[in-house]
Amino acid sequence: MNILVCLKQTFDTEERISVENGVVKEDGVKFVINPYDEYAVEEAIRLKEELGGEVTVATIGPERAEEALRTALAMGADDAVLVDDPAAFGDSYTAAQVLAKVAARKSYDLIIGGNQAVDDGSGQVAVRLAEELDIPHISTVTKLVVDGNQVTGHRDAEGDEEVVTATLPVLVTAQQGLNDPRYPSLIGIRKAGKKPLEHLGLAELGLTEADVAPRTEILETYLPKPKEAGKVLQGELSDQVKELVSSLRSVDKVVG
């Protein structure tokens, strides 16, 4: 079984994020594999160990993203692809277009990604990728069973569980609870440096900048306001409602 894992390098969730002039500062920040993508890597490796085959990990990002790929290789993936062309750094649409070309370079039975990235939280890239490849997808999977050509995914459905079946090839996204990602062993870390890691640009993928131009634009990035002490409304219920509505309109400005 050939498995492709799409991952992203993100800020460590323990890092303190700072914004300067509308841009997130990266100086001195620790980067890691996006936590949801760690579940995807682990699941791919488990399936390889159970069914045989190969696991390829792929990401889009600057040179530093190679560290995330090397970590996945140390965990047990077989080879990696890094698209480090700055023209490929865009929005969810851009990422899906680029990853579709990466996936088309080899016949993959299963594609796994994280349910979402902890930095932008869009949850769109994997689903868009499935659409580009014209294959079915099962999202937010907490249990995955592959039996021959049949795939059964148990997916989180807002506190409930849905069981969905599909046939290979298929794309699934990993939700928290799918597994417990392993730590790379010392032997795995040594081997990771010798495993193939391919660097690609748009030209090698047969794409132009116009093909992957972002469909959205970030106008401003800012930190949320510090939490302030709450206010207890007094008086009759009708007076409390009037005061609350007035505050939402004039103070918090969340009601028109």
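A crossing of two helices is left-handed if the near helix is turned anticlockwise from the far one by less than a right angle, and right-handed if clockwise. The model is predicted: local features need pLDDT of at least 70, side-chain atom pairs count only at pLDDT 80 or more, and totals for chains, interfaces and linings use all residues. Residues are numbered from 1 along each chain as its sequence is written, and side-chain values use heavy atoms, with hydrogens and water left out.

**View 1. The whole chain.** The chain has six helices and 13 strands. These are DSSP runs numbered from the N terminus: helices are H or I with at least four residues, strands E with at least two. The C-alpha atoms fill a box of roughly 70 × 40 × 40 Å along the principal axes. Of the 256 residues, 39% are buried, meaning under 20% relative accessible area with a 1.4 Å probe, protein chains only.

**View 2. Helices α3 and α4 pack together.** Helix α3 spans residues 92-103 and helix α4 residues 125-133. Their axes lie 8 Å apart, at an angle of about 50°. Axes are lines fitted to C-alpha atoms over the stretch in contact, and angles run from 0 to 180 degrees between N-to-C directions. The pair α3 and α4 is therefore oblique; angles under 35 degrees count as roughly parallel, over 145 as roughly antiparallel, 65 to 115 as roughly perpendicular and the rest as oblique. The crossing of α3 and α4 is right-handed. By class, nine nonpolar, two polar and two charged residues make the contact of α3 with α4. Ala, Val, Leu, Ile, Met, Phe, Trp, Tyr, Cys and Pro count as nonpolar, Asp, Glu, Lys and Arg as charged, and the others, Gly among them, as polar.

**View 3. An aromatic pair in helix α1.** Tyr36 and Tyr39 pair edge-to-face, 6.5 Å centre to centre with 75° between the planes. Rings of Phe, Tyr and Trp (its six-membered ring) pair if their centres lie within 6.5 Å; planes under 30 degrees apart count as stacked, over 60 as edge-to-face and the rest as tilted. Both tyrosines sit in α1 (residues 35-51), three residues apart, about one turn of the helix. Both Tyr36 and Tyr39 are buried.

**View 4. Gly113 in strand β8.** Gly113 belongs to β8, residues 110-114. Gly113 counts as buried because its relative accessibility is 5%. Beyond its neighbours within four places in sequence, Gly113 is in contact (heavy atoms within 4.5 Å) with Cys6, Asp37, Ala40, Val172, Thr173 and Ala174.

How values were computed
Buried means under 20% relative accessible area, exposed over 50%, partly exposed in between (1.4 Å probe, protein chains only).
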